Amino acid sequence: MILKFLDWSRANSPWGVHFCSGCCSLEVLALMGPRFDWERYGFMMTPSPRQADFIIVTGLVSKKVLPVLLRVYQQMPEPRYVFGMGACAGGGGPYWDSDFVAVDVSQYIPFDIFVAGCPPNPEATLEGLLKLKEIILKNKNNAAKKYPNKMEEIDY
């Protein structure tokens with residue numbers, strides 16, 4: 001009974017940390033504005049990953065910034081969830097053939113929810129966040145437990 005209450009409270013007020021690395025960050029800012037007002041759905045941002053329930057990876061991640069992203073992800077407490085958005089985070093976007101781009105971030109940090117688009121509109125992003133709330137409420141295993149990752153291969 002107590003665990004169900006904790007899952008319910010975690011799902012209805014998820015705190016996120018925003019890893020801004022691309023132009024999709026502007027769509028997250030639109031969600032925070034008065035038109036979409038994601039606070040009425042219970043979403044809040046925290047400046048520290050140590051209190052965050054999920055991380056939002058928006059846009060292009062270079063190989064130079066990838067160790068920083070992994071460090072932020074490792075500082076998050078369990079259970080932690082990953083919300084990816086944008087063509088750059090999913091497959092490199094228009095920079096897929098560059099030597100300096102981490103082409104598929106989900107190989108390093110598996111996404112629980114991914115919203116495609118370049119950039120995805122705020123409605124689609126909000127729908128993805130609501131699906132993330134359902135995953136948290138049902139206390140499903142997050143993607144990090146299901147899929148192997150390459151976090152150990154990165155030199156810090």
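The model is predicted; local features require pLDDT of at least 70, side-chain atom pairs count only at pLDDT 80 or more, and totals for chains, interfaces and linings use all residues. Residues are numbered from 1 along each chain as its sequence is written, and side-chain values use heavy atoms, with hydrogens and water left out.

The protein chain contains six helices and five strands, where helices (H or I, at least four residues) and strands (E, at least two) are DSSP runs numbered from the N terminus. In sequence order these elements follow the pattern α-β-α-β-β-α-β-α-β-α-α. Of the 156 residues, 44% count as buried; buried denotes under 20% relative accessible area, exposed over 50%, and partly exposed the range in between (1.4 Å probe, protein chains only). The accessible surface of the protein chain is about 8500 Å², of which carbon and sulfur atoms supply 57%; accessible areas were computed by the Shrake-Rupley method with a 1.4 Å probe, and for residues only the protein chains shown count as cover.

The buried residues of α5 are Pro122, Thr125, Leu126, Gly128, Leu129, Leu132, Lys133, Ile135 and Ile136. Viewed down the helix axis, these residues fall within an arc of 165 degrees and therefore line one face of α5; the arc is that of the directions from the helix axis to the C-beta atoms. In general, an α-helix has 3.6 residues a turn, so residues three or four places apart point the same way. The buried residues of α5 pack against α1, α2 (25-32), β3 (54-58), β4 (81-85) and β5 (113-115). Asparagine 139, which follows α5, has a positive phi near 55 degrees.

A nonpolar surface patch of about 680 Å² is formed by Ile2, Leu3, Phe5, Leu6, Trp8 and Leu137. Patches are made of residues with over 30% relative accessible area and no salt bridge, with like charges joined within 9 Å and nonpolar side chains (Val, Leu, Ile, Met, Phe, Trp, Tyr) within 5 Å. Helix α1 (residues 2-12) makes the greatest contribution, with five residues. Tryptophan 8 is located in α1 and is partly exposed, at a relative accessible area of 47%.

Two cis peptide bonds are described here. One joins glutamate 78 and proline 79, with omega of about -10 degrees; proline 79 lies in the loop between α3 (66-75) and β4. Glutamate 78 also forms a salt bridge with arginine 80, at 3.3 Å from N to O, under the criterion of a side-chain nitrogen of Lys or Arg within 4 Å of a carboxyl oxygen of Asp or Glu. By this rule the count is one salt bridge. Glutamate 78 is partly exposed, with a relative accessible area of 49%, whereas arginine 80 is buried at 14%. The other cis bond runs from cysteine 118 to proline 119, with omega near -20 degrees, and proline 119 is placed in the loop between β5 and α5.

A positive phi, near 45 degrees, is also found for aspartate 37, a residue other than glycine. Aspartate 37 is situated in the loop between α2 and β2 (44-45) and is partly exposed, at 28% relative accessible area.

The loop between α4 (87-91) and β5 contains valine 105, which is buried with a relative accessible area of 0%. Beyond residues up to four places away in sequence, valine 105 touches Val57, Val61, Leu69, Ala89 and Phe111. The C-alpha atoms of valine 105 and alanine 89 are 5.7 Å apart, at a sequence distance of 16 residues. Tyrosine 108 lies in the loop between α4 and β5 and is buried at 16%; its C-alpha atom is separated by 8.8 Å from that of leucine 66, 42 residues away along the chain. Lysine 64, in the loop between β3 and α3, is exposed, with a relative accessible area of 74%.

Conventions: Contact means heavy atoms within 4.5 Å.
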